[in-house]
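Me: I would like to learn how to read an interface and its charged pairs from coordinates. Can we go through one case step by step?

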Protein chains: 2
Amino acid sequence: VTESASTIAATGATSDHPLEPIFHPRSVAIIGVPSGKSGMASSFLGALLELKFQENHALYPVNPKMDEIEGLRCYPSLLDIEGEVDHVISVVPARVVPMLVEQCIEKGIRSIHFFTAGFSETGDAELAQTERTFIARLNAAGIRAFGPNCMGLYVPDERLGFMSGFPGDSGEVFLLSQSGANAGDMIHGLAKRGVRFSKAVSFGNGADVKAHHLLDYAASDPQTRVVAGYMEGVQEGRKFFEALKRCAAVKPTIILKGGIHAAGARAANSHTGSLAGSIRIFEAACRQAGALRAETMDDLQDMVVTLTTEARRVDGTGVVLVSGGGGYAVLSSDAVANAGLDVPRMPQETIDQLREFIPVAGTSVSNPIDANVSGVELQRKTLQIVARAAPTDVVFTNAGSTSPDASESDPDDDSPPADQIAHARASAEESATTLAEIQRSTDTPFVAIERGHSYSVTAGARVDAFAHAAHKQGVAVYPSVPRAACALGLLLEWRKRREGLQQLF
Amino acid sequence: VTESASTIAATGATSDHPLEPIFHPRSVAIIGVPSGKSGMASSFLGALLELKFQENHALYPVNPKMDEIEGLRCYPSLLDIEGEVDHVISVVPARVVPMLVEQCIEKGIRSIHFFTAGFSETGDAELAQTERTFIARLNAAGIRAFGPNCMGLYVPDERLGFMSGFPGDSGEVFLLSQSGANAGDMIHGLAKRGVRFSKAVSFGNGADVKAHHLLDYAASDPQTRVVAGYMEGVQEGRKFFEALKRCAAVKPTIILKGGIHAAGARAANSHTGSLAGSIRIFEAACRQAGALRAETMDDLQDMVVTLTTEARRVDGTGVVLVSGGGGYAVLSSDAVANAGLDVPRMPQETIDQLREFIPVAGTSVSNPIDANVSGVELQRKTLQIVARAAPTDVVFTNAGSTSPDASESDPDDDSPPADQIAHARASAEESATTLAEIQRSTDTPFVAIERGHSYSVTAGARVDAFAHAAHKQGVAVYPSVPRAACALGLLLEWRKRREGLQQLF
């Protein structure tokens with residue numbers, strides 16, 4: 001087994017936080033690995049193989065009914081593995097857990113993640129007691145546990161993950177989530193938008209490792225710059241609040257709380273055994289801690305995009321809308337105003353500069369700007385002029401507006417030639433780079449709106465290439481004007497109340 | 001030129017409304033057709049050719065600088081066309097319009113649509129006077145005008161349209177929109193979801209044909225069952241209100257009003273010269289007329305889907321959520337409650353029935369249902385049982401849940417073989433049909449949620465096939481639980497205040 005320190009060194013420093021070694025297992029055993037490929041339980045082996053975990057680490061499938069799976073030797077039990085095992089993924093039925101726990105102690109593992117469910121979240125007092133007992137046994141032996149009832153760890157630098165489609169490269173966002181499905185939604189949804197992760201943890205019932213441990217770790221992790229979380233209940237309230245405050249003081253921290261309404265609270269209780277508590281108290285805790293609270297999953301993802309791009313620097317309400325289509329501009333203006341931002345009229349000087357090359361008929365240049373100019377040069381000129389106007393704090397434009405092929409539509413072709421896809425990608429990347437250059441040269445944050453989605457391969461390649469190139473160069477991309485406006489409204493409200501506290505950017 | 005009565009007869013009756021002939025031109029001339037293919041002005045010829053208008057109608061491009069375009073003879077002027085011209089599309093510059101108007105009168109056309117902008121919407125008093133003058137000239141000669149400053153007519157049965165990608169088949173939704181871009185967004189967005197249109201009209205400044213004329217027509221049109229509109233200002237308020245009331249009394253009618261906030265109102269004024277007016281008064285007018293008001297473009301489209309499927313029959317707040325993923329169920333429950341609906345606990349009898357085949361560990365069956373069953377038969381059984389429970393008014397499920405290949409993920413392949421695409425389509429259609437059958441047999445409306453989007457061709461084919469097959473069989477599909485819940489919340493509020501009025505379904 002290769003020591004994985006080299007991978008860590010390649011991408012960033014580590015902290016001396018007690019959880020640090022847990023994120024760097026040299027070997028993983030999956031106990032109860034299923035033989036089939038369907039269902040959540042089978043996703044662990046699939047995800048590890050997809051990320052190529054086994055190339056630099058030891059991977060031990062355990063299932064007494066198989067000798068081999070996916071070309072790997074399959075062991076009858078944990079204790080039959082010759083090498084050391086750092087981390088265990090438990091996919092066994094609940095009744096087998098107490099026995100597995102004893103084997104883990106005997107084997108001397110560091111950490112265990114229980115996908116296995118059927119304990120405290122069932123509401124059954126006896127099963128809850130069983131959970132408490134085996135967690136105490138593990139902790140007494142110095143073993144940390146994730147779950148039960150969760151998806152566990154995603155550590156891109158260690159090529160450790162729990163669902164198919166997770167990026168193999170790492171980034172600056174730390175994610176904590178009680179729910180595995182929501183962690184998956186966040187990782188998949190944000191990855192498509194170019195966001196990458198330092199670590200992500202789905203921690204389910206939180207019988208051992210809880211939100212406050214993870215916030216505490218995230219605050220100290222040099223690889224992490226932004227922290228995002230999904231929670232259903234608050235465990236050990238005082239410790240949670242202190243950890244949230246510590247984390248939010250040094251890194252933008254945003255939390256989505258599920259179980260706000262009675263129906264959601266009941267669902268949260270039967271999902272992770274959480275007591276949802278009052279959302280007012282949770283909101284007050286976030287405010288006092290200097291953290292952000294997201295109201296929906298979309299809000300959370302939009303805020304992560306905001307906080308990882310130059311959009312985080314927006315510090316005033318003046319939005320310039322540069323769009324095609326007058327009716328679209330009307331609805332966009334309403335959405336911007338609805339989020340508490342403004343669409344300030346451009347000063348006469350700016351209007352005069354625009355009118356030098358924008359004809360009167362069928363256009364507007366006072367803001368919203370409906371310029372209807374063609375060609376990347378005039379688009380660039382328009383964007384530069386409005387970005388430099390005094391009332392402008394941020395400029396919204398369409399994702400394709402600075403594309404060299406703005407007038408080309410994506411062919412609706414099932415099997416386009418490779419060069420057509422390559423061309424769409426290159427053109428989208430060029431478009432994103434142009435926008436990033438204007439953002440830099442005018443020192444004004446830009447926001448790109450990716451309107452509408454086609455399912456053609458060429459359109460998919462274009463959207464994907466634009467999102468990645470834009471995010472990499474610090475340009476935020478949102479799926480609609482209302483969502484961009486809401487994210488910036490939330491940001492401004494947060495920046496305002498953070499005044500006097502340490503500035504994070 | 002073939003008389004188009006045959007096409008009309010094939011799909012539905014016509015009314016004796018004075019606007020009826022305008023929707024059935026036997027011939028169209030595009031005056032000032034551009035030689036290039038980029039820009040909005042060129043979209044008319046492209047759209048007509050794409051819809052094959054020329055196969056059963058006469059199509060006359062007019063541009064003195066060309067002899068031929070796209071294989072069609074190009075005429076130097078309207079008066080050089082030998083045949084009769086029913087409908088003219090004006091793409092000429094504003095200064096040429098007065099001359100064109102005289103030619104139209106001489107030629108004896110029925111109707112003209114001015115894409116040409118640069119009149120009353122500029123705010124210039126002289127240009128507004130010009131507009132009034134030429135509209136009066138046309139009307140005096142018995143010619144009706146759409147616009148100026150708009151995209152005109154989409155009549156699928158006549159193969160008349162104004163943008164690429166409009167469906168060639170017709171349906172039951174009548175659309176009116178001052179904005180051409182928003183009309184395009186609505187048609188493209190709804191078409192992807194399986195909705196089809198009787199007619200759509202973008203009418204811009206509304207100098208002649210206004211919203212009230214179109215509502216009046218829609219009320220009388222036997223092909224139209226649902227009416228949706230986008231407006232920026234109300235013209236001739238009393239007539240508008242009367243027409244809205246007349247229309248909403250016989251057909252579900254939903255209006256999105258742009259220019260709600262000051263910024264939007266300013267944009268509306270420079271876009272279509274509209275005076276946005278107070279949204280409170282507009283809202284009150286909609287309520288009094290028995291119409292629905294949408295707050296956003298997404299709301300409008302979701303409501304059209306609702307009103308054209310069995311979802312329109314939902315008449316209580318009891319939502320059953322059948323989903324995979326506990327955290328997703330928690331957020332879904334919150335979203336449903338947020339929209340004013342309930343997630344009622346299933347009665348013990350229902351729980352017992354479900355527990356016969358759903359294990360305890362990692363599942364919930366009280367509602368939300370997180371059953372984690374595999375196979376279409378157990379899914380079907382789950383859905384049937386919960387649909388028949390007493391507190392159930394509507395069941396939400398994932399789009400793929402009744403698919404014969406529920407566990408297969410879409411391969412991320414740029415050039416999948418044709419049989420793979422065909423298989424994905426067939427499987428999605430089967431899934432939609434299964435859902436429609438359960439909807440029918442349980443007499444309970446179902447809602448399918450199409451979560452997440454991949455850009456692969458196979459995923460695109462699957463999503464498209466499901467959306468079309470589901471809509472055709474009366475199952476509503478929404479992109480998220482919050483959007484489905486909002487649409488049903490709006491529907492219930494509307495149904496409640498419509499009580500005592502004529503029932504529309």
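Predicted model: local features only at pLDDT ≥ 70, side-chain atom pairs only at ≥ 80, totals over all residues.

Me: How many residues of chain A are in contact with chain B?

Reply: Contact here rests on heavy atoms within 4.5 Å. By that rule, 60 residues of chain A touch 59 residues of chain B. The area buried between the two chains is about 4,100 Å², and carbon and sulfur atoms give 59% of it.

Me: Which elements of chain A supply at least two residues each to the side that touches chain B?

Reply: They are α5 (180–192), β12 (253–257), α8 (262–272), α11 (326–338) and α15 (457–472) of chain A. The largest share, 10 residues, comes from α11(A). By residue class, the side of chain A that touches chain B divides into 24 nonpolar, 26 polar and 10 charged.

Me: What rotation superposes chain A on chain B?

Reply: A rotation of 180° does, with 0.0 Å of shift along its axis and an RMSD of 0.0 Å. That is the relation of a two-fold axis. The same surface serves both copies, as 98% of the contact residues of chain A recur in chain B.

Me: Now the charged pairs. How should I read a salt bridge?

Reply: Side chains of opposite charge can pair when their charged atoms come close. A search of the whole structure gives 50 salt bridges over all chains. One of the pairs is A:Arg313 with A:Asp443, at 3.2 Å from N to O. A:Arg313 sits in the loop between α10 (297–307) and β14 (319–322) of chain A, and A:Asp443 in the loop between α14 (418–442) and β16 (446–449) of chain A, so the pair links distant parts of the chain, 130 residues apart.

Me: Are A:Arg313 and A:Asp443 buried or exposed?

Reply: A:Arg313 counts as partly exposed because its relative accessibility is 33%, and A:Asp443 counts as exposed at 53%. The cut-off for exposed is over 50%.

Me: Which side chain does B:Arg137 meet in a salt bridge?

Reply: B:Arg137 meets B:Glu102 at 2.5 Å, N to O. B:Arg137 is in helix α4 (residues 125–140) of chain B and B:Glu102 in helix α3 (residues 97–107) of chain B, 35 residues apart. B:Arg137 is partly exposed, with a relative accessible area of 39%, and B:Glu102 is partly exposed at 36%.

Me: Where do B:Asp302 and B:Arg193 lie?

Reply: B:Asp302 is in helix α10 (residues 297–307) of chain B and B:Arg193 in the loop between α5 (180–192) and β10 (197–202) of chain B, so their pairing ties together parts 109 residues apart in sequence. Their side chains meet in a salt bridge of 2.8 Å, N to O. Both B:Asp302 and B:Arg193 are buried. Elsewhere, salt bridges that share partners join A:Glu283, A:Arg287, A:Arg293, A:Glu493 and A:Arg497 into one network.

Me: What is A:Glu172 in contact with, leaving aside its neighbours within four places in sequence?

Reply: Its contacts include A:Arg196, A:Gln223, A:Arg225 and A:Thr308. A:Glu172 is placed in the loop between β8 (152–154) and β9 (173–177) of chain A. A:Glu172 counts as buried because its relative accessible area is 19%, and the cut-off is under 20%.

Note on methods
Residues numbered from 1 in each chain as written. Chains lettered and ligands numbered in written order. Heavy atoms only, no water. Buried area = accessible area lost by both parts, 1.4 Å probe. Helix = DSSP H or I, 4+ residues; strand = E, 2+ residues; numbered from the N terminus. Nonpolar A, V, L, I, M, F, W, Y, C, P; charged D, E, K, R; others polar. Least-squares fit on C-alpha atoms with pLDDT ≥ 70 in both. Salt bridge = Lys/Arg side-chain N within 4 Å of Asp/Glu carboxyl O. Buried < 20%, exposed > 50% of the residue type's maximum accessible area, 1.4 Å probe, protein only.
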